[in-house]
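Here are my notes on the model, as numbered points. Have the structure open while you read.

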Amino acid sequence: MRDPYEVLGVQRSASAADIKSAFRKLAKKHHPDANKNDPKAAARFAEVNTANEILGDEDKRKQFDRGEIDAEGKPRFQGFPGGGRAGAGRAGGFEYSFRPGEGGAGGGSFEDILSSMFGGAAAGTRGGGGRGGARTFEFDGPFGGPDLDLSVTMSISLEESVNGGEKRVRLPTGKELNVRIPKGVTSGQQIRLKGQGESAPGHPPGDVLITLTIAPHPLFKVDGDDLRLDLPITLYEAVLGGKVRVPTLDGAVELSVPKNTSSGRTFRLKGKGMPKGQGSNGDLFVMMRIALPDGADAELEALMQKWRSQHPYHPRSDIA
């Protein structure tokens with residue numbers, strides 16, 4: 001994971017407003033729904049989202065700036081309380097980054113520091129000797145342990161994102177898991193399954209990080225908290241008006257179409273869009289599309305010829 005400041009393209013001195021603005025621009029640019037032919041869009045979107053989770057949170061941003069967490073929000077090794085500055089690392093609230101057997105600033109190696117702190121006694125030694133009789137220490141920490149986390153992408157339907165549910169996901173290891181999808185998730189959000197990653201002797205198991213993408217819907221197009229739908233209507237419904245059935249995410253409803261409704265006219269159904277939180281929903285915008293019958297219809301053609309001669313009108317007079 002890259003530095004979150006680099007991911008969002010902001011300086012370390014950037015204000016909260018600058019970070020929020022940068023995140024919105026990049027999220028819109030890399031959203032999987034806007035890059036359906038780019039298989040890497042979901043990964044870029046997830047990276048932007050992770051960077052914002054750190055820099056968009058005041059406490060996490062301070063922790064990252066102090067070196068307490070890494071670019072994925074995971075705690076870093078902080079050394080030993082009361083220790084002094086040595087080599088490239090720090091102790092007592094500072095981060096260590098050591099290479100065993102090498103001398104650090106002030107002429108002492110990591111082994112020397114630990115030897116002075118613990119009187120030369122050490123567990124997990126490697127060999128019998130070292131400089132000044134000190135033993136060599138081996139540590140299993142974030143800086144040296146294996147990466148046991150697994151990252152996968154899971155596509156869910158629009159209905160699953162709204163209503164939640166359970167779905168089975170296959171990991172790169174071949175293992176399959178049932179994943180509970182919370183209600184109201186959006187594309188790019190992540191689900192972490194603790195302890196379900198890879199394992200290695202002497203290490204706690206890693207996690208599984210699942211990035212969600214919402215598959216394109218055959219009827220609805222997501223527009224923020226709102227939904228948009230193109231609804232075909234007949235020529236006589238457009239001319240004479242009437243009630244038509246409109247699909248929604250929670251069942252079909254009836255919509256009254258006024259007489260002389262032109263193709264492209266849009267109607268709003270309040271509260272029939274995406275969940276916004278606190279029990280409220282966005283809206284559903286329904287655009288009328290006049291659909292003519294398939295194939296030639298001599299009677300309809302004769303009617304239109306008569307109408308054209310008796311009732312001519314010019315809908316493009318202001319544009320052509």
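1. Just past helix 4, G67 has a positive phi of about 80 degrees. Helices (H or I, at least four residues) and strands (E, at least two) are DSSP runs, numbered from the N terminus. At the other end, D57 caps the N-terminal end of helix 4 (residues 58-65), with a side-chain oxygen 3.0 Å from the backbone nitrogen of D59.

2. A word on provenance: this is a predicted model, where local features need pLDDT of at least 70, side-chain atom pairs count only at pLDDT 80 or more, and totals for chains, interfaces and linings use all residues. Residues are numbered from 1 along each chain as its sequence is written, and side-chain values use heavy atoms, with hydrogens and water left out.

3. Three strands make an open, mixed sheet in the order 1-5-4; two strands pair if DSSP finds at least two bridges between them. Strand 1 (150-156) and strand 4 (190-193) are at the edges with a single partner strand each, so one side of each has no neighbour in the sheet.

4. Strand 1 and strand 5 (residues 208-214) run parallel, joined by seven bridges.

5. What does V286 touch, leaving out residues up to four places away in sequence? Its contacts (heavy atoms within 4.5 Å) are L229, L231, V246, R265, T266, F267 and L269.

How values were computed
Polar contact = N/O pair within 3.5 Å; in protein donor to acceptor, adjacent residues only side chain to side chain.
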